[in-house]
Every structure is written in C-alpha cells, then in structure tokens.
Amino acid sequence: RVFLFFLRNAKKDGGKGSNMANQLGTQYNPQAIEGRLYEKWMAKKYFAAKIDRSKKPFTIVMPPPNITGQLHMGHALDNAVQDCLIRYKRMQGYCALWLPGTDHASIATEVKIIEQMAKEGLDKRDIGRGAFLQRAWDWKKEYGGRIVKQLRKLGASCDWDRERFTMDEGCSKAVTKVFVDLYNKGLIYRGDRIINWCPHCKTALSDAEVEYEEQQSHLWHVRYDAPDKSYSITVATTRPETI
C-alpha cells in the first residue's frame with residue numbers, strides 16, 4: 001500500500017518520483033545499508049544514556065551471554081525484545097539505558113579451553129596457573145569480542161561505552177560486597193551441604209551442570225542403637241554419605 005501511494009504521488013509530481021522508484025533495488029540488501037547506518041548511530045551517540053533529572057529513568061541490564069562461543073537464536077530473540085522495549089522508552093522521553101555485558105561462565109569456559117589445549121597436546125597442570133589464566137583472558141578477548149560484534153550486527157541499541165564483564169574488578173568487588181552484606185544481615189548463611197563434586201575438574205557443580213543417569217547401586221543398611229541398647233532402628237539408603 002505504501003509503495004502504491006508513493007507511485008501515485010510520483011505521477012502527480014511530473015514523474016520525478018517515478019525516476020526515484022526506478023532506482024530502488026528489487027531486493028533488500030542489508031550489507032549495503034545496516035552496517036553504515038549502525039556506525040552512524042554509534043558516531044552520534046544515539047544510544048548513550050545521559051543523566052537527566054527531568055526525565056524518568058528506565059534501565060535494562062542485558063542478561064550477559066556466556067563467552068563460551070557465540071550467540072544462538074535464543075539470544076537473538078531475547079535481545080530483539082529488549083531492543084524493542086528500550087527504543088520504545090526512548091521515544092516516550094525516558095532517560096533510557098540498555099546496559100550490555102558478557103558473563104565469564106568459568107566452569108563451561110574452562111572446559112572449552114581445556115578442549116582447545118588438548119588439541120595442542122597440552123594439559124593445564126603442565127603450563128601452570130598463570131599461563132592458564134592468560135589463556136582464559138585470551139579466550140574472553142576472542143569470543144567475548146565476537147559476541148559483541150554479533151550484538152552490534154543485530155542492531156542492538158546498547159550504550160556500549162558502559163559495557164561490562166562479570167569478572168571486571170568493579171563487578172567482582174560489588175558481588176563480594178553484596179554477599180557479605182547479606183550474610184551480616186542474616187539473610188544468607190554458610191553451612192555443610194551435600195554438593196555435586198567433579199573429581200576431574202576438582203570443583204563443585206550446580207544441579208544445572210550435572211547430567212543424570214541411572215546406575216546399578218548398592219543398598220546400605222545402617223543400624224542406630226539406643227543408648228541403653230534396649231532397641232535399635234535400621235535405616236536403608238543408597239547414599240550413606242547423607243546420613
């Protein structure tokens with residue numbers, strides 16, 4: 001409908017608009033437009049949030065994608081929704097900030113780095129802690145940078161001058177402070193718990209990082225005697241460590 005309206009008005013304009021219409025490509029070519037347009041947006045700081053007390057603030061903190069590789073369709077969908085919201089709020093006159101960043105995902109990233117080293121015939125115990133950490137930072141630079149480039153390619157209207165990484169010194173100190181404050185207020189506590197322990201990585205794993213499988217096990221019977229030996233209670237379990 002818009003195109004037909006354009007053609008009708010072009011005819012009224014003595015054919016000048018018609019010549020313009022003839023210059024339009026038959027297909028949309030994003031490579032010829034989107035990169036150049038995005039660089040213009042960046043140069044003019046269109047997405048930079050400036051503190052303005054006269055406007056209501058509106059902030060979105062990007063759920064930081066893991067630096068384990070590159071973005072997938074889930075990231076594209078999620079960030080498209082955030083982009084729509086932040087642009088809408090900007091047009092409404094809010095002081096809008098979309099804060100970008102990436103996440104360390106240390107255990108998953110370590111696995112990726114170890115796999116990469118294995119192809120080189122190396123083991124992390126052979127190169128030492130310092131050299132391994134350097135490899136980790138090199139990985140972050142390569143894959144974290146790739147993710148940022150992908151987000152820019154999507155046209156994400158983030159304030160890139162405020163980009164953060166969860167292992168940045170400021171972010172790390174903030175996390176430590178919050179945990180200490182919560183502990184001092186009695187809202188969180190420390191205690192002995194049964195955890196998922198990886199004997200290969202020598203570290204604890206969350207439930208989300210564990211792959212469960214059924215195995216043939218052994219049933220342990222543990223007898224608890226009364227202090228005066230007058231009776232006893234037997235408890236059966238496949239996990240004696242829990243009792």
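**Close-ups of aromatic rings**

**View 1. F47, a buried ring.** In this predicted model, F47 has a relative accessibility of 6%, so the residue counts as buried. W41 is a ring partner of F47: the two centres are 5.7 Å apart and the planes meet at 70°, which makes the pair edge-to-face because that angle is over 60 degrees.

**View 2. Y38 and its partner F47.** Six aromatic pairs turn up in total. Y38 and F47 make a tilted one, with 6.3 Å from centre to centre and 45° between the planes. Y38 is buried too, at 5% relative accessible area.

**View 3. K89 over F58.** Here we switch to a lysine and a ring. K89 lies over the face of F58, and the distance to the ring centre is 5.2 Å.

**View 4. K124 over F132.** Which ring does the charged end of K124 sit over? That would be the ring of F132, with the charged end 5.8 Å from the ring's centre.

Definitions and conventions: Residues numbered from 1 in each chain as written. Predicted model: local features only at pLDDT ≥ 70, side-chain atom pairs only at ≥ 80, totals over all residues. Heavy atoms only, no water. Phe/Tyr/Trp six-rings, centres within 6.5 Å; stacked < 30°, edge-to-face > 60°. Buried < 20%, exposed > 50% of the residue type's maximum accessible area, 1.4 Å probe, protein only. Lys NZ or Arg CZ within 6 Å of the ring centre and 35° of its normal.
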